[in-house]
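I opened this entry to record what I looked up about the sheet, the helices packed on it and the aromatic side chains. The notes follow the order in which I went through them.

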Amino acid sequence: MKQIFGNKKRIFINLKIGCECSCEYCYLPELTSSLDYSNRKLDYCEALGILQTMDCFKRGRQGTILSFGCYSECWSKDIYQDTLKMIERLIEYENSIQISTKQFISTDFLLLMDNMCKYHGHITINVSMPTISHSKEIEKGTTCIENRIKMLEQAKNMKKLQFCMYIRPVLDGITILDIDQYCSLMDMFNIPCVIGGRYHKSTDKNNRDDVGEGYLEECEPRDLKIIEKRLLRHGKVYRHSTDLLKKIT
């Protein structure tokens, strides 16, 4: 497993492998038999050096999308400072930057990133919440849902930072229980939403996703289209975070 990988369209940056969230739907156990990642960390200088040597990395506003996360929680206590320092360096390239998190980013740090942005949507904060009512059982190591909602609430106070309610993966029979609350949040904070399926290890070489170095494929949940139809009454809804970026950059 590579900590930094991708193609000219999108590169995933993981300053470590694994996280403390312990989500029941995590795909990492399917990709590796070892969950001991304690020695697999990069500081921001190492990660920046690797990125700069990648032939597929194209700088600029229309260049490669830079996504923090995939194999890690980029705002974990032990790496969030390196995440922020790396963003400070990357911001000069003007590439679109995505942060997907289930942890709490304080208002001070959100304002700091907002001030860094060169244009609206330069940095997108994907606030991950596949469930509201069952988060305590299914995502035991994450920040509470109330904190994640507080982050979404900050959208109205930011000038250039883009916020997104991130419902990936949709969990059949679980996510749909909170559909009214999701709709209310979109109305309340005037934010877009990204929804999608769960990733699984793939045996079909022709049906693999960029996420997971080509070893994963996305399976569409039964409830996805029902949820999508409801959410579309309340704002913009996308199947992939890259689709959202196409509309704001």
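**Sheet and rings**

I began with S1 and S2, which pair in the antiparallel sense over 3 bridges; the two strands form a hairpin with 3 residues between them, and I noted Gly-6 standing opposite Ile-11 in S2. The model I am reading is a predicted one.

From S2 I moved on to S3, and found that these two run parallel and are joined by 4 bridges, with Ile-11 standing opposite Leu-66 in S3. I then checked which way the side chains of S2 point: Arg-10 and Phe-12 go one way, Ile-11 and Ile-13 go the other way, and all are buried.

Next I traced the whole sheet, which is open and mixed in its pairing, with 8 strands in the order S1-S2-S3-S4-S5-S6-S7-S10. Strand S1 (4-6) and strand S10 (237-238) stand at the edges with a single partner strand each, so one side of each is left without a neighbour in the sheet. At the S10 end, I recorded that S7 (residues 193-195) pairs with S10 in the parallel sense over 2 bridges, and that Cys-193 has Val-237 as its bridge partner in S10.

I then looked up two helices that lie against these strands. Helix H6 (residues 145-153) packs on the sheet and touches S4 (97-101), S5 (123-128) and S6 (162-167), its direction making about 150° with that of S5. Helix H9 (residues 241-248) lies across S2, S3, S4, S5, S6, S7 and S10, and runs at about 145° to S5.

For the rings, I counted 7 aromatic pairs. One of them is Phe-5 with Phe-12, a stacked pair at 5.3 Å centre to centre with 25° between the planes; both residues are buried, and together with Tyr-71 they form one aromatic cluster.

Which arrangement do Tyr-27 and Tyr-199 adopt as an aromatic pair? I found them edge-to-face, at 5.9 Å centre to centre and 85° between the planes. Tyr-27 lies in the loop between S2 and helix H1 (28-31) and Tyr-199 in strand S8 (residues 198-201), so this pair ties together parts that are 172 residues apart in sequence. I also checked burial: Tyr-27 counts as buried at 15% relative accessibility, and Tyr-199 counts as buried at 10%.

Last, I looked for arginines over rings, and noted Arg-59 over the face of Tyr-93, at 4.2 Å from the ring centre, and Arg-61 over the face of Tyr-119, at 4.0 Å from the ring centre.

Technical notes
Residues are numbered from 1 along each chain as its sequence is written. This is a predicted model: local features need pLDDT of at least 70, side-chain atom pairs count only at pLDDT 80 or more; totals for chains, interfaces and linings use all residues. Side-chain values use heavy atoms; hydrogens and water are left out. Two strands pair if DSSP finds at least two bridges between them. Contact means heavy atoms within 4.5 Å. Axes are lines fitted to C-alpha atoms, for helices over the stretch in contact, and angles run from 0 to 180 degrees between N-to-C directions. Buried means under 20% relative accessible area, exposed over 50%, partly exposed in between (1.4 Å probe, protein chains only). Rings of Phe, Tyr and Trp (its six-membered ring) pair if their centres lie within 6.5 Å; planes under 30 degrees apart count as stacked, over 60 as edge-to-face and the rest as tilted. A charge sits over a ring if NZ of Lys or CZ of Arg is within 6 Å of the ring centre and within 35 degrees of the ring normal.
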